[in-house]
Amino acid sequence: MKKIFIAPLLLCSMLALSAMRSTTGETQKMFEQARVKKEKVAPIAKKGKLLFKDDFNNGMVYSKEYQQVVEGWRVRANHAKWKQENNTVKSIFESGHMPVLTYEGNFKDAIIELEFRFFAEEGKWSACRISATNPQLNPRAYAASVWANANNSGRALGMVLEHDEWKPGVITTVMNKPATFEPGKWYTLRLELIGNVVRATCNGVTVIGTHEKFGIPKNSISLGVGTSPHELRKFRVYEASKR
């Protein structure tokens, strides 16, 4: 008789436990979805005055020497070659360092926005990086950098927020989150700098964190891309204030 009644009791207990686990899992999923949704709509900065914009339609022929774009802002091809075409600037990688286009202009708290896309090419990697710094206050470093990394093995994949001290220095990864990026599709990469806090978003993924070097006054922005063909457009720098 005992065997007849024990089995149903065990079955009921197992079903109850399974239901509890399912309910707990669904609850956790709901909390996670709510957290992510809140994170996406919670910028730390609001836009102020437009400090600088480049629509890559001024006929600039880039060189290793700085050239003025507008008063107070200048640009140079720091690494590789760059060419304007149809309101974009295209990277032309042949060998060596990843392509980098560097701007100079003074700012501190700011919102930086850039649209990019890439085209897959065998044996080459794809990513877009925005780096803000001050070579005088923080030599041989990018004070704040964000990567939208499709497949560069030198960094974690997805969105990567970091402070990058160049070799023999150390790269400090402040936050990394998984994200995917597809060839041929335009993405907007947004970097918010408020004091020692930086928040970056792209393709619905947000990374945020603090570092003692994030808040230094800056006078340089480097736009870096992978070795596969990339295009950039609608580069913007705004004054920012805390929300």
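Buried here means under 20% relative accessible area, exposed means over 50%, and partly exposed is in between (1.4 Å probe, protein chains only).

Before moving on, a word on what you have open. This is a predicted model, with residues numbered from 1 along each chain as its sequence is written. Local features need pLDDT of at least 70, side-chain atom pairs count only at pLDDT 80 or more, totals for chains, interfaces and linings use all residues, and side-chain values use heavy atoms, with hydrogens and water left out.

**Stop 1: the cysteines.** A disulfide is a covalent bond between the sulfur atoms of two cysteines. Counting one takes a pair of cysteine sulfur atoms within 2.5 Å, and a search of the whole structure finds zero disulfides.

**Stop 2: L232 and the core.** Next, click on L232. Contact means heavy atoms within 4.5 Å, and beyond residues up to four places away in sequence, L232 touches C128, along with others including F56, W82, T88, F116 and W186. L232 also belongs to the largest nonpolar core, which has 44 residues; Y103, I112, F116, M159, L232 and F235 are the members that touch the most others. Strand β7 (residues 110–118) gives the most to this core, five residues in total. Apart from that core lies another of seven residues, including V100, W125, A127 and Y142. A nonpolar core is a set of buried Ala, Val, Leu, Ile, Met, Phe, Trp, Tyr and Cys residues joined through side-chain atoms within 4.5 Å.

**Stop 3: strand β6.** Highlight residues 100–107, which make up strand β6. Strands (E, at least two residues) and helices (H or I, at least four) are DSSP runs, numbered from the N terminus. Six of the eight residues of β6 are buried, so the strand is largely enclosed by the rest of the structure. Which strands pair with β6? Two strands count as paired if DSSP finds at least two bridges between them. Strand β3 (residues 73–79) pairs with β6 in the antiparallel sense over five bridges, and R74 stands opposite E104 in β6. Strand β15 (residues 218–225) also runs antiparallel to β6, joined by six bridges; look for Y103 opposite I221 in β15.

**Stop 4: T88.** Go to strand β5 (residues 88–92), where T88 is found. T88 counts as buried at 6% relative accessibility. A polar atom of its side chain lies 2.6 Å from the backbone oxygen of E85. Leaving aside neighbours within four places in sequence, T88 is in contact with D55, F56, K83, W186, E231, L232 and R233.

**Stop 5: R199.** Is R199 buried or exposed? Select this arginine in strand β13 (residues 197–202): R199 is buried, with a relative accessible area of 4%. Its side chain reaches the backbone oxygen of A42 at 3.3 Å.

**Last stop: confidence.** Colour the model by pLDDT, the predictor's confidence in each residue from 0 to 100. The protein averages 89, and 83% of the residues score at least 70.

Technical notes: Polar contact = N/O pair within 3.5 Å; in protein donor to acceptor, adjacent residues only side chain to side chain.
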